[in-house]
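Open your viewer and get ready to click along. We will go through one chain, then the other, and end where they meet.

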Amino acid sequence: MIIVDHVVTVEQGLWTNFCVAIEDGNLLYWDYTASRDQTDSVIAPPAMLPSWAVEHDWVPGRDRPARRTLELHFMVKDTLGLRNGIVTEVELELHAPLRAGESVRAEQILRSVGPERETRLGTGRNWEIDVQYRKPDGSLAGIQRLHFLAYGKVAA
Amino acid sequence: MNTPMRGTIAPRAGDRLPELVIGVTRKMIIAGATGSRDWQPQHHDKDAAKQAGLPDIIMNNYTQAGLISRYVTDWSGPIGRIGRLKFSMRRPICPDSQVHFSGQVVSVEENGDQIAWIQLDVAMKQGDTLLTSASVRLAMPADASARSPWRCPPDEWRP
C-alpha cells in the first residue's frame, strides 16, 4: 500500500484551469452566488478528485524525485519488468465534494495482478488498483478503481 | 455556462441526451493533462508517446472523466450530482479527433426517498469507432419538493 497525504491544497485557480481545458461551465465550480443553494460555496469538479493526490512536479528542497501520478502502478510495472502502462478502465465513486483549502489522504491498494499474456501491444499483464480518498477529518471523498494494461517486456 | 434547474427535466428510461461534438486539439489534451496534474509524458510529448507504441499523445483518463461529467451535467444542470462514473477506454483519443458524445437514460430508480437515481450510458465515438464507453449513476431530486442531492447527509449517500 502507498499513502499520499496532503501533497497539494485544493484551490480554485487549479481547478479552473481544468474547467477551461474541457470547457466545463458547471456553475458549482465557478459561481459563488449560484452554488450557495446547492453546495454552500463553489466546489472542485468531483471528477478531478485523484488530481489532489498528485505531488507538485517540483518542490524546493525536496531530495527525491516526485512520486509519479499513481506511484503504486509504476512500482508494479517496474517490478514486473514492463516498459509501458496504460489505464484501460476507471471507476470513480464520489462522496463528499472538495472545496478550496481542503486536502486529501490517498491510500493506493493493489487488488490483483493477472498472468502474463499476449496483447495487441505485445507481451503484457493486467492489474487493478483501488485508491481511497479521505479528508483530514476522515470523511470519505471518494474511491477510485483502476484497471491497467502494461506491455513491452524489458530485456533481462 | 449552464444554469440551475429544478424540475425542468424529468428523465425517463429511453430518453436520449443531446449529442455533443468536441474537436480535440493538441492544446486540449495537454491542458487537460496538466490541469488535472498528470505529468506523464504520453500526454504532452509526442516522441515519448510514439516510443510507447502510441500514434501520438493521448488524452489522459482524468480529462476523459471530466468531459463525461461535463456532458452529463450540461444536460442535468448543476443540481445533478454524479455518484458513480465508470468508463472503459477502448481506443486512444489523439489530437485532431472529432469526438461525438451520445447518451441515453437506461433506468430511473425511485426508492421513495429524496433522490431519483438516473442510470446513464454514454458513448464517445469517432465515426463508427467507439473510443470510450461509460456508465454514470446520477442523483437528481425525486420530485420538485425534494431536497437537492447535494444536501444529502453523508450516511444516506449511497452511490
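Helices (H or I, at least four residues) and strands (E, at least two) are DSSP runs, numbered from the N terminus. This is a predicted model, in which local features need pLDDT of at least 70 and side-chain atom pairs count only at pLDDT 80 or more, while totals for chains, interfaces and linings use all residues. Residues are numbered from 1 along each chain as its sequence is written, and chains are lettered from A and ligands numbered from 1 in the order in which they are written.

**Select chain A.** Colour by secondary structure and you will find four helices and six strands, arranged along the sequence as β-α-α-α-α-β-β-β-β-β. The C-alpha trace spans about 60 × 35 × 30 Å along its principal axes. Of the 156 residues in chain A, 37% are buried (20 or more other C-beta atoms within 10 Å of the residue's own; 12 or fewer means exposed, in between partly exposed; C-beta atoms are placed from the backbone).

**Zoom in on helix H4 of chain A, residues 71-79.** Show Leu72(A), His73(A) and Lys77(A), which are buried. Why do the buried residues of H4(A) line one face of the helix? Seen down the axis of H4(A), they fall within an arc of 135 degrees, so they share that face; the arc is that of the directions from the helix axis to the C-beta atoms. In general, an α-helix has 3.6 residues a turn, so residues three or four places apart point the same way.

Contact here has a cut-off: C-beta atoms, placed from the backbone, lie within 7 Å. After H4(A), look for Gly81(A), with a positive phi near 70 degrees.

**Switch to chain B.** Here you will see three helices and five strands, in the order β-α-α-α-β-β-β-β. Of its 159 residues, 40% count as buried.

**Show both chains together.** The contact takes 35 residues from chain A and 39 residues from chain B. On the chain B side, helix H1 (26-35), helix H3 (61-76) and strand E2 (81-89) each supply at least two residues. H3(B) gives the most, with nine residues.

Finish at E2(A) and E2(B), which pair in the antiparallel sense over five bridges (pairing requires at least two DSSP bridges between strands). Select Glu91(A) and you can pick out its bridge partner in E2(B), Lys86(B).

How values were computed:
Two residues are in contact if their C-beta atoms, placed from the backbone, lie within 7 Å.
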